[in-house]
Amino acid sequence: MTSTDALRENILAAARRSKDASRTIGLLTTSQKNTILRTAAAALHERADEILAANQKDIDDARSRGTSDAMIDRLALDSARIDGIAGGLTQVADLPDPIGEVIRGRTLENGLKLRQVRVPLGVIGIVYEARPNVTVDAFGLALKSGNAVILRGSKSARHSNTALVSILRDVLASCGAPADGVQLISSESHDTVTHLIQARGLVDVVILRGGANLINAVIRNATVPTIETGTGNCHIYLHADADLNMGIACMLNGKTRRCSVCNATETVLVDKRLGDQALHTILEALGTAGVTVHGDLPGLVPATDKDWGTEYLSMDIALKVVDGLDEAINHINTWGSGHSEAIITTNVAAAQEFTDRVNAAAVYVNTSTAFTDGEQFGMGAEMGISTQKLHARGPMALPELTSAKWVIWGTGQTRP
């Protein structure tokens, strides 16, 4: 057996274990799942030193490779972030259990009683980059929605992810659930991703969290259904009728609050009718905030088509002066990733046209793109922001991690 064959068999064996575990995980009661989630939250606090020591190894390795500060920020954990991760599990425990929810139903004229109910997907594979908080979020959401999960994080976070999954597996076992409800597969070879996304019949869906390069590489080779999340080339358009102070505040919040996340604002479109003084004020605000501006105006970093399509994930932003609403919408629909787009305007008709025509999972009027987040939407932790239209779009919280089946009760009816 070649090394490639051996690696493939290792991944398929893990998928088989997940398939077996999913049959038990899917039958856990709400009380049992909530107990596991709260026990896991407590364990993360109790073993925080273990997690931080592992994370420091990843940070040291990243720095030795010359990794950017923005990417290290995505990777880094501290006590406050561990508190947030653990709090996310508690929050998921407090959410309604989607499993068994009746989506719709009716009684036919022949007396058959039909119900469509939510059921687990089964085995979910997650392929993601850098951020170790995703490891725990994915576990919590998968468990509460009755699914087993196979995690394939990035090599840059391997120490952190290994420590976190070890804790989560210990918790599952201590609560009488199969430890294989969560598994972490090797990140040492890109081939592990290929084998995971081709484990059709064992893995029910693969969710992709990461940049465009990762997503494009996966969807070209996948035989398992995939859901794309993560890439956020998000825009804010300051319309001719914008409240300029509001627009600048929302732009800076979207760009500088945390520039390394997928809902960060990456391009600002400025309507030329706002005038030169407004443009000067916008550029001055960005410069004062430490943002490097790429554009086609004098004094800016020269922009190319690459800039219009770039998710910077850094303190950079693209700026373009546009000639009205049509040009702004066309620019967004051409270069956007379908994540989050915003307009700042006091013109209700313009706002309505923007929300009608812009193709994105979340479209905002007079606010920041930074709000595209399951917790901010009141869903609790989310698996990612789906930028496609099937099977889910926007924040992927508990209901989005379920499928449905029809349950039909009869009294001996036969079809004529």
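Visitor: Why are α6 and α7 called roughly parallel to each other?

Guide: In this predicted model, helix α6 (residues 133–144) and helix α7 (residues 158–174) pack at an angle of about 30 degrees. Angles under 35 degrees count as roughly parallel. Therefore α6 and α7 are roughly parallel to each other. Their axes lie 10 Å apart, and the crossing is right-handed.

Visitor: Which residues make the contact of α6 and α7?

Guide: From α6 come Thr 135, Val 136, Phe 139 and Leu 143. From α7 come Asn 161, Leu 164, Val 165, Leu 168 and Leu 172. By class, that contact has 7 nonpolar, 2 polar and no charged residues.

Visitor: What makes α2 and α5 roughly antiparallel to each other?

Guide: The angle again. The axes of helix α2 (residues 30–46) and helix α5 (residues 79–94) cross at roughly 170 degrees. Angles over 145 degrees count as roughly antiparallel. Therefore α2 and α5 are roughly antiparallel to each other. Their axes come within 8 Å.

Visitor: Which residues of α2 and α5 make the contact?

Guide: On α2, they are Asn 34, Leu 37, Arg 38, Ala 40, Ala 41, Leu 44 and His 45. On α5, they include Ile 82, Ile 85, Ala 86, Leu 89 and Val 92. Asp 83 and Asp 94 of α5 take part too. By class, the contact of α2 with α5 has 10 nonpolar, 3 polar and 3 charged residues.

Visitor: Why does Glu 228 count as partly exposed?

Guide: Buried means under 20% relative accessible area, and exposed means over 50%. Glu 228 is at 24% relative accessibility, so Glu 228 counts as partly exposed.

Visitor: Where is Glu 228 found, and which residues is Glu 228 in contact with, leaving aside its neighbours within four places in sequence?

Guide: Glu 228 sits in strand β7 (residues 226–229). With those neighbours left aside, Glu 228 is in contact with Leu 208, Ile 215, Ile 219, Ile 385, Ser 386, Thr 387 and Gln 388. Ile 215 is 13 residues apart from Glu 228 along the chain, and their C-alpha atoms are separated by 6.7 Å.

Visitor: How do you know that the radius of gyration of the chain agrees with that of a compact globule?

Guide: With 416 residues, a compact globule would have a radius of gyration near 22 Å. The chain has 23 Å, so the value agrees. The C-alpha atoms fill a box of roughly 70 × 65 × 40 Å along the principal axes.

Visitor: What else describes the whole chain?

Guide: The chain has 14 helices and 17 strands. Buried residues make up 52% of the 416 residues. Among contacts between residues at least 6 apart in sequence, 72% join residues at least 24 apart.

Terms used
Residues numbered from 1 in each chain as written. Predicted model: local features only at pLDDT ≥ 70, side-chain atom pairs only at ≥ 80, totals over all residues. Heavy atoms only, no water. Axes fitted to C-alpha atoms, helices over the stretch in contact; angles between N-to-C directions. Helix = DSSP H or I, 4+ residues; strand = E, 2+ residues; numbered from the N terminus. Parallel < 35°, antiparallel > 145°, perpendicular 65-115°, else oblique. Contact = heavy atoms within 4.5 Å. Nonpolar A, V, L, I, M, F, W, Y, C, P; charged D, E, K, R; others polar. Left-handed = near helix turned anticlockwise from the far one by under 90°. Rg over C-alpha atoms; globule rule 2.2 N^0.38 Å. Buried < 20%, exposed > 50% of the residue type's maximum accessible area, 1.4 Å probe, protein only.
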